[in-house]
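My entries follow in the order in which I made them.

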Amino acid sequence: MGPERALDVRLFDETVAAIALFEGSEHRLVYQNDACARLLGARPVGLPAREAFPEADAEEFLTVLDEVVATGRPCRLPEAREPGAPEQARYFVYSCTPVTMAEGRGAMVVALDTTAETMALERYEAVVTAVSQMVWVLRADGSAQELVPGWQQLTGSPWHDRMDERWDAYIHPRDRTRLRRQWRAALAQEPPGLFETTFRVRAADGSYRHMSTRCVPILRNGRAEEWIAATDDVEDTWSATLRERLLAEIAQVSGEGLDDSFAAVVKAIVPELADACVIMLLDNEEWPLPDHVPVTARRAASSTRHGLPAGPPLRDQTVVISDTVRDVLARRTPRTFRLPTGEGAPPGIVPAVTEQWLRSADATSVTLYPLVAEDIVLGYAATSANGDAPAPGPADTRLMQRILRSSERPIRKSLDLQRARHTALRLQHAHLTSPPAVPGASLAACYEPASSANEIGGDWYDAVVHADGTLVLDIGDVSRHTLIAMSCVLAVLVLGVSVLAHFTHAVPYTDGTPTVIAQEARLAFGDGTVGTTGLVFVQLATALVLYTGANTPFTGFPFLASFVAQDRFLPRLLTRRGHRLAFSNGIVTLSALSLALLLVTGASVDKLVALYAIGVFTAFTMAGAGLIAYHLRRREPLRRVKVTVNALAATVSAAVVLIFAVTKFTEGAWLVVVVFPLGVWVLIRINREYRREAAALERLPTGADRPRTRRHQVFVLVEILDLAALKALRYAHELRPDNVRAVHFAIDEAHAHRLSTLWASTSATSVELELVACPDRRLRHAMRELAARTTHDGDTSLTVLVPRRMYANALGKLLHRGTGEKMSRALEQLPHVAVTILPFNASHAIRALESGRLPDID
């Protein structure tokens, strides 16, 4: 077969690969297709290879040619880089194959341009290396390859290239089953999608850290052949989130009693931080005690996670604490005890019932945490890890300590309440007197009422001591007794006036004088000096009662309005106290309403009585109905009697309201009939608005306080160059933005020119003045357009500083108008834009100049 027929070079003219043919001992270049000319540059045909490729880095290529022609074996060279500038460099791979040419042996070089693939790979490797995550590839056969190392640094062991039992050994035992189940579910999806999960991995120090993994499938022919996974250590984020949630739960503890407070604490701890937790409180109030004095701790609260045997019931089980517990309390540091299989906790740590439970629940470790509040050692918390759960690591212990320290506030409240109770007990013991001895009689109980001068917390106490020394307290509610007494006095007064009016035939006059009470007093006391004195006394007493009654709303209504405002049915303005700690806004509101009512009714008693009666008896009706609902919800003695009494009171009051509304409708009662439903609608509308506002504003996304833009610019609006503008510029620099711009909107061209000339000549600022044309004199519209242009890319945030000159006298306020609020309203709808009004005390600067001192920017 001839050489021409052995190799026809025309076959390579249109190929994508770059092909060159060499022949002879000097490897003369006899052929180069267009692809080769584009890749390596056009080379002169007919020259030896050393002359056709004179580049210094072509020596390796020429050596390969010699080797292929001499040995007759093909050779493939790794990726090579063509010289040139970094942005112009090209990458290619080539192979050299022996061929038979017309003049004997030769070689054919085939090259492929891999510049795009190489640069893409370099970028990928750079991105992968730059991230702090572990990146690895998981294949369908279970093999795994680590792309970005980090496994050995985390676990202390080399990377294992298969997802098998050796890999599972590093996963937390509680997460293994869930992880396998989630992975099988991800594989079963059609088509496979993104797989995300969080699990715990055993670190080199033996503790477990939370890892977050995102796996993305690589699909080939509709099947996931590989998964690219990025795994990140989220232990700090997870711990912070858990800590915030647990602290929020602890903050809800009311602190009514120590046992209740600790019960809420253990419910927050289990199962997030431990499998079980028991609180042991010391019975001794003083600590520390001498070593020879035994110290007893009682079981106050406990909780176990779901899936473990139920914990023993709380029956004040006690234990005499051991020296080990004494040491933990003295050092005030946690300590962990690892329990051998089948054995309980060391003696003297927990009661016997708890030791038995630890054995039955397969506890593997017990950790003691001292409980301290206000530097007082209250006891300790004992937590356990059960089954396959590992003992708590240093991070777990620190988090547990912080949670227990956060519970100090409700525990402190409980301590205060407990101390108050102890004080009350001691006070009652001090009030009791020793009874005399009676021959033939034995003491069953001793009763001594407490003096009203020694009441505690507004209540009075009676004490009874039994023969065995047990003290029983009878706690009375002073306010209840006061209300009963006031109700009796009111009933007697109303009934007495009605009876006297009946027997004396006293009737009201049309003009209002004399009043019924004045007629009764005149008839009761008679004429003369004594009668006049009695009449004046009754009139003064009546006026005092009316004055006290008129003052009552100004005392009670502000408090009532504040409570309703706290429930979001009235404006929050009514919850604010004045400088005298009174609800000033409520008082002012009531005064305005009272004045308006007097003006509308002309201060007519007949018209006001109808309004008063309807208002009072409406309140009585609502109170009776509320007490009916209250007693129906409670299981208490005489419930039916109480419901009947309140139902009768509510029915009678409602009948009175109805009678007044009908008979006095044209005399002013219509106002209440109309205003009452309208007021209810207004209250509901206010509450709905507050709830909508809370639903929108109290939705707090994670990391919302982090900046969302890459650049920050500050605009200082300048009208004139003065101290106020310089203060704003200095404050702008203190914000450390990327750029500070002084902006003046040129409404008056002459003024803008003078300001620009003055600005260029001053050394007070280094910021250049920017003039923005505003031919239509619409300042707010121009500012809005400028802000929108600045932030349109979505990566720029803008702060607009508006200097405001403040004046102490009324003339200064009148002569200078402020544009800060108007500018703020114009820009409030734009995203990434904030307006700051920067006040400058111009009056202070004027006084400083008049006193011979230079005004200061501050």
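**Helix pairs**

I began with α19 and α20, which are roughly antiparallel to each other, a label that I use for angles over 145 degrees, as against under 35 for roughly parallel, 65 to 115 for roughly perpendicular and oblique for the rest. The model is a predicted one, in which local features need pLDDT of at least 70 and side-chain atom pairs count only at pLDDT 80 or more, while totals for chains, interfaces and linings use all residues. Residues are numbered from 1 along each chain as its sequence is written, and side-chain values use heavy atoms, with hydrogens and water left out.

For helix α19 (residues 605-633) and helix α20 (residues 639-663) I looked up an angle of about 155 degrees, with the axes 8 Å apart; axes are lines fitted to C-alpha atoms, for helices over the stretch in contact, and angles run from 0 to 180 degrees between N-to-C directions. By class, I noted 17 nonpolar, six polar and two charged residues in the contact of α19 with α20, where Ala, Val, Leu, Ile, Met, Phe, Trp, Tyr, Cys and Pro count as nonpolar, Asp, Glu, Lys and Arg as charged, and the others, Gly among them, as polar.

I then turned to helix α16 (residues 516-525) and helix α17 (residues 528-566), whose axes come within 9 Å and cross at roughly 150 degrees. The crossing of α16 and α17 is right-handed. I noted that the residues of the contact of α16 with α17 divide into seven nonpolar, five polar and one charged.

**Helix α12**

Which residues of helix α12 are buried? I found Thr354, Glu355, Trp357 and Leu358 of α12 (residues 352-360) to be buried, with buried meaning under 20% relative accessible area, exposed over 50% and partly exposed in between, for a 1.4 Å probe and protein chains only. Seen down the axis of α12, its buried residues fall within an arc of 160 degrees, so they line one face of the helix; the arc is that of the directions from the helix axis to the C-beta atoms. These buried residues pack against β11 (276-282), β12 (296-304), β15 (363-373) and β16 (376-386), while Ala352 and Gln356 are exposed on the other side of α12.

**Backbone values**

Most residues other than glycine have a negative phi, and most peptide bonds are trans, and I looked for exceptions with that in mind. Just after α12, aspartate 362 takes a positive phi of about 55 degrees. Arginine 332, which is not a glycine, has a positive phi of about 60 degrees; I located arginine 332 in the loop between α11 (323-331) and β14 (335-338), partly exposed at a relative accessible area of 35%. Histidine 832 has a positive phi near 65 degrees, lies in the loop between α26 (820-827) and β24 (833-841), and is partly exposed at 33%. A cis peptide bond, with omega about 5 degrees, joins valine 270 and proline 271, and I placed proline 271 in the loop between α10 (258-269) and β11.

**Whole chain**

Last, I noted 27 helices and 24 strands in the chain, taken as DSSP runs numbered from the N terminus (H or I, at least four residues, for helices; E, at least two, for strands).

Methods
A crossing is left-handed if the near helix is turned anticlockwise from the far one by less than a right angle, and right-handed if clockwise. Contact means heavy atoms within 4.5 Å.
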